[in-house]
Amino acid sequence: HSFSAGVDGIAPVLRETPDTLRASNARGAFTSSLAEYALAAALHFNKQVPRCMANRAAGRWERFTMNVLRGKTMGLLGYGSIARATAKLAAAFGMRIIALRRNVGGEAGEVVPEATYGYDDRAAFFGAADFIVCSLPATGETLHFVGAAAFEAMKESAVFISLGRGDVVDEAALVAALSRGRICGAALDVFEQEPLP
């Protein structure tokens, strides 16, 4: 049994296992938790939590405009169970929902995206979203799917949230984008190398 939704970590063992032995995974077990993580990350940046914490630590009272999520665009990279749960929570905040997926059409769930982009339209998708939540699985097609071109297409105010598989993101390109101020921030629940060194 794989304790995650994916079986990529045990794939080498599975290839050597007789067909009569069955494997299972934890698909769906972390859907709600990851959707909540995505919204917590969006709120962290939207509400400027580091700024508020720094003001508190310094004993400083600073008046500034607190942003709201209402009217912002949540871009869901992949539209599986995690993205659908995230869409439901984001919709409750009054956010606009868009999705990018391999097969456009047939979106299901309680929240249907206002717009769905195919892989060929990824630059337009990345440019339209204020928050990008990546929940893509690890496949040959998705290796470093989010790389330099994706970060260049994003708004400078965009926040990238990754909670699918670490190798979907080109971490060097992400670090470069953050270092240059190309995007506002990132929240990562997964990494190319796990556990972290």
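Tutor: This is a predicted model, and we can begin with F125, which counts as buried because its relative accessibility is 0%.

Student: Is Y117 buried or exposed?

Tutor: The relative accessible area of Y117 is 17%. Since buried means under 20%, Y117 is classed as buried.

Student: How are the rings of F151 and F160 arranged?

Tutor: Both F151 and F160 are buried. Their ring centres lie 5.6 Å apart with the planes at 85°, so this pair is edge-to-face.

Student: How many aromatic pairs does a search of the whole structure find?

Tutor: For the whole structure, the search gives a count of 4 aromatic pairs.

Student: At what distance from the ring centre does R122 lie over the face of F145?

Tutor: Arginine also meets aromatic faces in this model, one case being R51, which lies over the face of F64 at 3.9 Å from the ring centre. For R122 over the face of F145, the distance from the ring centre is 4.0 Å.

Student: Why does the separation of the end C-alpha atoms of helix α4 agree with its number of residues?

Tutor: Helix α4 covers residues 81-92, which is 12 residues, and at 1.5 Å a residue it should span 16 Å. The expectation agrees with the model because the end C-alpha atoms of α4 are apart by 17 Å.

Student: What covers the buried residues of α4?

Tutor: The buried residues of α4 are I82, A83, A85, T86, A87 and A90. Their cover includes α2 (31-46), β1 (73-77), β2 (96-100) and β4 (131-134).

Student: How many disulfides are counted?

Tutor: A disulfide is a covalent bond between the sulfur atoms of two cysteines. Among the cysteines, C52 is partly exposed at a relative accessible area of 30%, whereas C134 is buried at 0%. Counting requires a pair of cysteine sulfur atoms within 2.5 Å, and by this rule the number of disulfides is 0.

Technical notes:
Residues numbered from 1 in each chain as written. Predicted model: local features only at pLDDT ≥ 70, side-chain atom pairs only at ≥ 80, totals over all residues. Heavy atoms only, no water. Helix = DSSP H or I, 4+ residues; strand = E, 2+ residues; numbered from the N terminus. Expected span 1.5 Å × (residues − 1). Buried < 20%, exposed > 50% of the residue type's maximum accessible area, 1.4 Å probe, protein only. Contact = heavy atoms within 4.5 Å. Phe/Tyr/Trp six-rings, centres within 6.5 Å; stacked < 30°, edge-to-face > 60°. Lys NZ or Arg CZ within 6 Å of the ring centre and 35° of its normal.
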